[in-house]
Amino acid sequence: MKLLLALLMVVLAGPALAQEQSIAIGFVTQARDPIQPVSPLDQDIRDEGIAGARLGIADNVSTGRFTGHRFTLVERVIAKDAGPEDAIRDLAREGIRFVVADLDAPRLTAALSARDADRMLFLNARAPDDALRNESCRANLLHTIPNRAMLADAMAQYLMTKRWRRWFLVTGSAPGDRLQADAFRRAAARFGAEIVSEKEWTFKLGHARSDTGHVTLQSEIPVRTRAADHDVLVVSDEENEFGDYLSYRTAMPRPVAGTHGLVATGWSAVSEQWGATQLQSRFEKLAGRRMSAVDYAAWTAVRAVGEAAIRAGNSDPAKIMAYLRGPDFILAGFKGQGQSFRAWDGQMRQPILITGPRLLVSISPQAGYLHRGSELDTLGFDREESRCRF
Amino acid sequence: MQVLIAAILMLALASQMACAETIYVSNEQDNTLSVIDGQSLTLAGTIPVGRRPRGIGLSADKQKLYVAVGDDNRIDVVDLKARKVEGSFPSGEDPELFVLHPDGRRLFVANENDNLVSVLDIPEKRIVTEVEVGVEPEGMGASPDGRFVVNTSETTSMLHVIDAATLELIDNVLVDTRPRVAQVSADSRQIWVSSELRGTVEVFDAGTRESLAKIGFEVPGVPRELVQAVGIQLTSDGSRAYVALGPANRVAEIDAKTFKVLRTYLVGQRVWHIALSPDGKRLYTANGNSSDVSVINLAGREVVKTIGVGRSPWGVVAAP
């Protein structure tokens with residue numbers, strides 16, 4: 001019996017008993033309506049973000065087995081209309097110091113202002129707002145999701161490489177659409193494109209999936225897309241209200257790029273280069289669907305904490321935080337280059353994929369956009385432009 | 001005069017013999033092997049294999065070539081005389097790289113999707129053991145004395161050392177980010193590991209697993225992020241190491257005693273795996289993005305030829 005007990009203990013303890021270190025990572029998300037599919041090919045997504053974090057923790061656990069680190073993920077879902085303060089307080093009470101935030105910008109800001117939040121490090125995996133990297137930046141906030149300016153710059157570099165320099169900018173009416181349009185204007189000015197015409201998309205389309213929907217679209221969209229001659233229509237429609245319907249229906253035969261058509265994104269299921277096949281298949285096995293850009297940002301955030309904990313050789317949160325922001329940190333993110341955090345605003349520098357609906361088209365930064373430091377810093381806010389003051 | 005002619009003839013013969021090798025390249029996107037004649041340095045044939053061929057290696061008698069075909073979850077066996085696939089081995093899921101143990105009968109296979117190293121018994125054509133390692137196992141090396149086998153796991157960033165007799169893990173060592181290739185020196189005393197994303201090669205004492213050196217690379221005009229380290233070849237006399245620098249499009253030559261980088265060679269785009277010729281006089285490089293093979297004459301210190309092969313060449317071996 002004693003022998004059995006001893007045996008059991010050995011089995012339970014595993015190889016890393018001697019100096020096992022525990023690192024718990026919090027994950028805060030909010031209840032959302034399921035994403036309405038536009039195309040019958042779209043997959044039903046009900047666990048965006050959290051599925052990426054779960055894969056990240058699984059990858060951390062596999063590594064921790066060999067290094068004596070025990071990683072756990074503590075998930076908190078806040079109600080659709082509730083604030084995040086209670087959830088943050090709960091996590092703080094449990095001693096959690098790392099929080100991956102799957103929240104929009106207002107809720108992320110509220111979370112950062114919650115009691116005890118200043119002792120935590122937040123990793124933003126959803127909010128693309130440029131303000132969070134500038135005026136509203138915080139010393140205890142990192143971002144793994146690319147911000148709008150990064151995406152716009154990545155697209156602008158590609159369009160300029162193609163010499164598609166005359167843009168027709170079409171913007172939806174949601175607040176995010178306007179902010180993304182601002183980012184496209186900034187990118188046009190930075191890289192030498194010209195916005196020859198602008199339009200706000202203010203009307204509701206007849207539903208394309210109803211029996212006669214396509215007839216309405218076919219007559220409406222050409223009228224709404226008449227504009228001065230341009231090389232490319234750049235669309236800003238973060239809420240997927242109309243962007244998918246533009247291609248092949250515009251007044252002039254021009255490609256559609258931006259939030260639809262040719263898209264700049266931190267991640268896409270179409271990528272299979274740089275070892276991405278392995279990450280894609282691991283994710284599909286776990287989640288039963290394809291990996292989105294938010295899933296990827298959540299995976300990256302959890303992996304970043306894991307990587308820093310293992311490299312810092314320590315479970316002291318202060319040391320892990322310092323390592324994350326330090327010059328030695330790099331994360332392997334399946335995009336061909338090491339990814340690290342910008343010291344001046346906490347944004348993760350990373351290549352941005354330029355994708356079509358079915359295949360990868362390119363990756364930015366494009367060749368020739370040089371930088372004295374990292375060429376990845378040609379995307380988004382460089383040190384000199386940053387309005388962030390910690 | 002006769003002596004002179006004889007000497008010339010012998011020289012010609014010797015040079016022919018020196019280059020009598022045949023080079024095999026796995027083309028990841030074409031599902032083929034390209035065959036290069038080492039004498040004329042021209043493409044001599046194409047062999048269809050399974051889907052997504054990457055790791056390749058010779059059998060002990062050098063009459064067969066093993067090809068890991070990842071998307072078919074097996075290892076194809078190519079008869080080199082007939083130039084066709086004559087059969088296959090089970091390999092576990094998604095085999096990428098493998099190494100033949102010096103006993104000639106066991107293949108150690110990295111299963112990239114399963115976090116396993118599978119041990120395949122060649123005569124029995126079955127997997128006898130699986131060793132659990134880190135996430136995305138990749139590089140495989142065997143000590144020439146047969147005592148241990150090494151593996152790297154890309155996402156875990158570790159070097160795993162496996163006892164070749166007991167098939168248990170002896171040690172797990174944290175290495176630089178995204179380790180790709182692990183090679184054991186000819187005297188079985190050192191383990192060389194390349195890190196793709198940190199762009200370094202670290203050399204470990206095989207007995208103590210202590211780090212002996214970490215080698216960095218600088219290529220003027222190439223951003224630091226694109227100087228990555230992938231394929232490694234160590235010479236049998238222990239004097240030199242060659243390292244493929246991936247998207248920096250260079251191969252570095254290193255003094256294996258002092259660990260100093262002596263020079264770099266400009267080769268094709270995204271150079272991945274590399275192979276020394278059996279006589280050690282040439283280095284062949286598989287250039288994934290330019291779909292060609294560069295040939296370096298090591299004594300003359302120059303790239304002498306570029307040979308077009310299939311799409312996305314990945315692995316390369318030179319057979320006598």
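Reader: What makes chain B agree with a compact globule?

Author: With 320 residues, a compact globule would have a radius of gyration near 20 Å, and chain B has 19 Å, which agrees. The radius is taken over C-alpha atoms, and the globule rule is 2.2 Å times the number of residues to the power 0.38. Along its principal axes, the C-alpha trace of chain B spans about 65 × 45 × 35 Å.

Reader: On what basis are the values and the numbering to be read?

Author: The model is predicted: local features need pLDDT of at least 70 and side-chain atom pairs count only at pLDDT 80 or more, while totals for chains, interfaces and linings use all residues. Residues are numbered from 1 along each chain as its sequence is written, and chains are lettered from A and ligands numbered from 1 in the order in which they are written.

Reader: Why is chain A called as compact as a globular protein of its length?

Author: Chain A has 10 helices and 15 strands, where helices (H or I, at least four residues) and strands (E, at least two) are DSSP runs numbered from the N terminus. The globule rule gives 21 Å for 390 residues, and the radius of gyration of chain A is 22 Å, close to that value, so chain A is as compact as a globular protein of that length. The C-alpha atoms of chain A fill a box of roughly 85 × 50 × 40 Å along the principal axes.

Reader: Which class does N240(A) fall into, and why?

Author: N240(A) has 16 C-beta neighbours inside 10 Å, so N240(A) counts as partly exposed. N240(A) is placed in the loop between β8 (232-236) and β9 (256-258) of chain A. The phi of N240(A) is near 55°, a positive value in a residue other than glycine. In chain A, buried residues make up 48% of the 390 residues.

Reader: What makes a set of residues a nonpolar core, and which residues touch the most other members of the largest one?

Author: A nonpolar core is a set of buried Ala, Val, Leu, Ile, Met, Phe, Trp, Tyr and Cys residues joined through C-beta atoms within 7 Å. The largest nonpolar core has 106 residues, of which V100(A), A101(A), M155(A) and A298(A) touch the most other members. Helix α9 (residues 293-312) of chain A gives the most to this core, with 14 residues. The core draws at least three residues from each of domain 1 (17-146 + 268-350) and domain 2 (149-265) of chain A, with bounds from an automatic or database domain assignment. Apart from this core lies another, of 87 residues, among them L65(B), Y66(B), V184(B) and A206(B).

Reader: How do you know that β17(B) and β18(B) pair, and in what sense?

Author: Two strands pair if DSSP finds at least two bridges between them. Strand β17 (residues 190-195) and strand β18 (residues 200-205) of chain B have six bridges and pair in the antiparallel sense.

Reader: How many residues are in contact between the chains, and what makes them so?

Author: Two residues are in contact if their C-beta atoms, placed from the backbone, lie within 7 Å. On that criterion, 18 residues of chain B are in contact with 15 residues of chain A.

Note on methods: Buried ≥ 20, exposed ≤ 12 C-beta atoms within 10 Å, placed from the backbone.
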